[in-house]
Amino acid sequence: MNSTHAASASALVIAALIERLVIALTPITTADRLLRITPLADCAGLRIEGELDHSTLPTLRRALASINVDSSLCVDLSGLTFIDTGCLRALVSAATALHDGGGDRVLTLRSVPPQVRRLLELTGWHQTPGLRLQAPARPGRPTPGRPHS
């Protein structure tokens, strides 16, 4: 391949990546504004703020499906105020699909609220292959992605 063809192929790849990044950086919100899903800046993943229930489940599924990663995925739940079992199951299913996709890919849940962590433990879903719960932040230490106060 000569340098002209290599340069144009590189330009096409870069243009496709930029288009994907612009789409990924557009926040997903529901009409009632009870949910906001935005991409993470520090790794491949999403930050979820608000409520996840049967009415926001389709939005969650679309957001999870829109991230086409070849590596692990992170979901920050620090802004989560409510989650029902259907949405929790969707996160667990996404972890399973990511893991089953090959390699050692995992879905990491970070800043998991205590009640969500407890629900995952009660259901046994915390042991799902491909799902990792980030350890809770120790008192006096800043949580990743959140300013130290």
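A search of the whole structure finds zero disulfides, a disulfide being a pair of cysteine sulfur atoms within 2.5 Å. Cysteine 74 is in no disulfide, and the nearest cysteine sulfur, that of cysteine 43, is 4.1 Å away. This is a predicted model, in which local features need pLDDT of at least 70, side-chain atom pairs count only at pLDDT 80 or more, and totals for chains, interfaces and linings use all residues. Residues are numbered from 1 along each chain as its sequence is written, and side-chain values use heavy atoms, with hydrogens and water left out.

Burial is given here by relative accessible area: buried is under 20%, exposed over 50%, and partly exposed in between (1.4 Å probe, protein chains only).

| Residue | Relative accessible area | State |
|---|---|---|
| Cysteine 74 | 7% | buried |
| Cysteine 87 | 0% | buried |

Cysteine 87 is also one of the residues touched by aspartate 53, along with Phe82 and Asp84, when residues up to four places away in sequence are not counted; contact means heavy atoms within 4.5 Å. Aspartate 53 lies in the loop between β3 (45–52) and α2 (57–66). Helices (H or I, at least four residues) and strands (E, at least two) are DSSP runs, numbered from the N terminus.

The side chain of aspartate 53 does make a polar contact with the side chain of serine 55, at 2.6 Å. A polar contact is a pair of N or O atoms within 3.5 Å; within protein, one must be able to donate a hydrogen and the other to accept it, and residues adjacent in sequence count only if both atoms are side-chain atoms.

In α2, the buried residues are Leu57, Thr59, Leu60, Ala63 and Leu64. Seen down the axis of α2, they fall within an arc of 160°, so they line one face of the helix; the arc is that of the directions from the helix axis to the C-beta atoms. Arg61, Arg62, Ala65 and Ser66 are exposed on the face turned away from the buried side of α2.

Helix α4 (residues 114–123) buries Val116, Arg117 and Leu120. These fall within an arc of 100° down the axis of α4, so they line one face. Their cover includes β4 (73–83), α3 (85–100), β5 (107–110) and β6 (131–133). The exposed residues Pro114 and Leu122 are on the face of α4 turned away from its buried side.
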